[in-house]
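Subject: Structure handover

Hello,

Please find the structure below, followed by notes on what turned up in it.

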Amino acid sequence: MQKSENHFFKFEREATSNDYQVLNQMLDHFQVSAFFENNTGTQIFYAFGSKNSWQTLPQKVNTLVFGANTFDGQHSKGELMNGFWFEPEIIVSISNGRLQSNDLNLDNILVNYQQISTTKRVKIKNIVSETDWIVRVADLIKNLNDVRCPMDKVVFGRQEMIELSEQIRISSLLEALKKEHGVYHVILKRENEVFVTATPERLAFVSQGEIQTAAVAGTAPRDPDPKRDHELGNKLLRSLKNQREHQFVVDSIKMKLEALTTQLNVPSKPILLKNKQVQHLYTPISGTLSANISVKDLVDNLHPTPALGGVPQEEALQYIAQHEQQPRGLFAGPIGYVTADNTGELVVSIRSMYCDQTHARLFAGAGIVAGSEAQQEYNETALKFEPMLQLLGELMHD
C-alpha cells in the first residue's frame with residue numbers, strides 16, 4: 001500500500017474482480033451513493049454516504065463531490081430530481097488496475113458487505129406515453145417555419161412513465177448498464193430515488209487547466225449490416241438539416257469558451273460518433289482555460305448547449321418550460337464529479353431514467369428546426385428511449 005498523489009486518497013492496492021462485486025452491492029445498502037465510469041472504462045468512481053450535501057454544484061469543494069444539476073431549475077416531483085450534490089464519506093477510485101480510497105479501513109468495510117444478493121426479476125406492468133407529442137411538435141415546426149419566429153431550434157423532450165413489479169437494485173442495474181459500450185455510466189442515488197444515464201455526451205472534462213468538450217447533435221439510426229450502417233452514417237454527414245442543427249451547437253460552444261480560454265481547438269467538420277442504437281454528428285473541442293476559471297464556471301457557462309436547449313437559448317428554454325408536459329428534472333442536466341484541485345468530469349444526462357421505488361420515467365428529446373418532420377422526430381426519440389428500455393429488458397431476464 002502506498003499513498004496516492006491525491007491528498008484525499010490514503011489507501012491503495014491492486015483491484016480484484018471481487019472488489020467490483022462488493023462495491024456494486026454497497027451501492028444498494030447506503031442511503032446516498034453514486035457510480036461514475038467514463039466512456040473508455042479507464043476511470044471508475046464509487047461514492048458512499050454523505051458528509052455534506054447541496055442542491056447545486058458548490059463553488060468551492062474540499063475533497064471530491066458527486067452530483068447533478070437540474071436542466072433548468074423548474075421544480076420537479078422528488079428530492080433528487082431538483083438537483084443533488086454530496087461530499088461522500090467513502091470514495092473509491094479504480095484506474096489502471098489500481099484501487100484507491102480515502103478510507104484506510106476500506107478492506108474491513110468490504111468484508112462487512114461481502115454477501116451474495118438475491119434479486120427478483122423486474123417486470124414492466126404498464127407504460128404511459130405522451131400521446132399528443134407529434135401534434136405538439138407539428139405546432140412547433142409550424143412556428144419555426146414562420147420567418148417571424150424568434151427561434152431557430154428547440155430541443156423538444158418527451159417522457160414515458162413505466163410501472164414496475166419490483167424496486168430495482170442498483171447492483172443489478174449496473175451489471176445491465178455495462179452492456180452499453182462506448183458511453184458514460186453514471187448512477188446517482190438518494191434514499192429510494194435513483195437516476196441513471198448511459199450518455200454518449202460529455203459536457204466538460206477539466207484537468208491541469210485543460211478542457212475537453214464536444215458538440216453532439218444530429219442523429220441517425222444504426223444498422224446491423226455494416227454496408228447499410230455505413231450508408232446511414234454518410235447520409236447523416238451529408239444531411240443539410242442535421243449539419244445545420246450540429247453547427248448551432250459548435251458555434252455556441254465556441255462562442256462561450258472563447259471568453260473562458262486562452263487557446264481553443266475547434267475542428268472545421270464533424271465526424272461520426274457511433275453508439276449501440278444511434279449515430280451522431282460529433283465535433284471534439286479542446287482548449288486551455290484562462291486563470292481562475294473553475295469547473296463550476298464552465299458548467300454554468302456551457303449548460304445548456306443548443307444540443308439540449310435550443311437557439312436562441314432564452315427563447316428556446318421558455319418554450320420548453322411552457323410546452324413540455326413535465327419538468328425535465330435531471331434529464332439533460334450536468335452530472336458527474338468535481339475535485340478540490342479543479343479537476344472534474346461532467347456529462348450530459350441524456351439516455352437516462354429516473355426510478356422511485358416501482359415507478360420509472362424515461363426521457364428523450366429531438367432537435368426541432370425549420371423543415372423538421374414530426375413523425376421522423378418521434379421515431380428519433382423512440383430510438384433514444386432504447387438504451388433504458390433495453391436496460392429494463394436485461395433486468396426482466398436477470
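Glutamine 357 lies in the loop between strand E19 (352-356) and strand E20; helices (H or I, at least four residues) and strands (E, at least two) are DSSP runs, numbered from the N terminus. Phi of glutamine 357 is near 55 degrees, a positive value in a residue that is not glycine. With a relative accessible area of 40%, glutamine 357 is partly exposed. Here buried means under 20% relative accessible area, exposed means over 50%, and partly exposed is in between (1.4 Å probe, protein chains only).

Before the rest, some notes on the source. The model is predicted: local features need pLDDT of at least 70 and side-chain atom pairs count only at pLDDT 80 or more, while totals for chains, interfaces and linings use all residues. Residues are numbered from 1 along each chain as its sequence is written, and side-chain values use heavy atoms, with hydrogens and water left out.

Backbone

Most residues other than glycine have a negative phi, and most peptide bonds are trans. Asparagine 292 also has a positive phi, of about 70 degrees, although it is not a glycine. Asparagine 292 is found in the loop between E15 and H7 and is exposed, with a relative accessible area of 77%.

There are also cis peptide bonds to look at. One runs from histidine 303 to proline 304, with omega near -10 degrees. Proline 304 is in the loop between helix H7 (295-302) and strand E16 (310-311). Another cis bond runs from valine 311 to proline 312, with omega near -15 degrees. Proline 312 is in the loop between E16 and helix H8 (313-323).

Hairpin

Strand E14 (residues 271-274) pairs with strand E15 (residues 278-289) in the antiparallel sense over 4 bridges; two strands pair if DSSP finds at least two bridges between them. E14 and E15 form a hairpin with 3 residues between them. Leucine 272 stands opposite leucine 281 in E15.

Cavities

A search of the whole structure finds 3 cavities of 30 Å³ or more. A cavity is a set of points on a 1 Å grid over the protein atoms alone where a 1.4 Å probe fits but cannot get out, and lining residues have an atom within 4 Å of a point. Grid points are joined across faces, edges and corners, and a volume is the space filled by probe spheres set on the points.

The largest cavity holds about 200 Å³ of space. Its lining has 22 residues, and the closest to its centre are Ala307, Ile350, Arg351, Gly365 and Lys384. Strand E8 (153-164), strand E12 (210-221), strand E20 (359-369) and helix H9 (374-396) each supply at least two residues of this lining. By class, the lining of the largest cavity has 10 nonpolar, 5 polar and 7 charged residues. Ala, Val, Leu, Ile, Met, Phe, Trp, Tyr, Cys and Pro count as nonpolar, Asp, Glu, Lys and Arg as charged, and the others, Gly among them, as polar.

The second largest cavity has a volume of about 50 Å³. Among the residues that line it are Phe35, Phe36, Phe66 and Ile335. Its lining has 8 nonpolar, 2 polar and no charged residues.

Aromatic rings

The count comes to 17 aromatic pairs. Rings of Phe, Tyr and Trp (its six-membered ring) pair if their centres lie within 6.5 Å; planes under 30 degrees apart count as stacked, over 60 as edge-to-face and the rest as tilted. The rings of phenylalanine 30 and tyrosine 113 have centres 5.7 Å apart and planes at 35 degrees, so this pair is tilted. Phenylalanine 30 and tyrosine 113 are 83 residues apart in the chain. Phenylalanine 30 counts as buried at 14% relative accessibility, and tyrosine 113 as partly exposed at 22%.

Phenylalanine 195 and phenylalanine 363 form another tilted pair, 6.4 Å centre to centre with 45 degrees between the planes. Phenylalanine 195 is in strand E10 (residues 193-197) and phenylalanine 363 in strand E20, 168 residues apart. Both are buried.

Arginine 158 lies over the face of tryptophan 133, at 5.7 Å from the ring centre, and its charged end sits over the ring of tyrosine 378, 4.1 Å from the centre. A charge sits over a ring if NZ of Lys or CZ of Arg is within 6 Å of the ring centre and within 35 degrees of the ring normal.

Regards

Note on methods: On a 1 Å grid over the protein atoms alone, a cavity is a set of points where a 1.4 Å probe fits but cannot get out, and a pocket is an open set with protein on both sides within 12 Å along at least five of seven lines; lining residues have an atom within 4 Å of a point.
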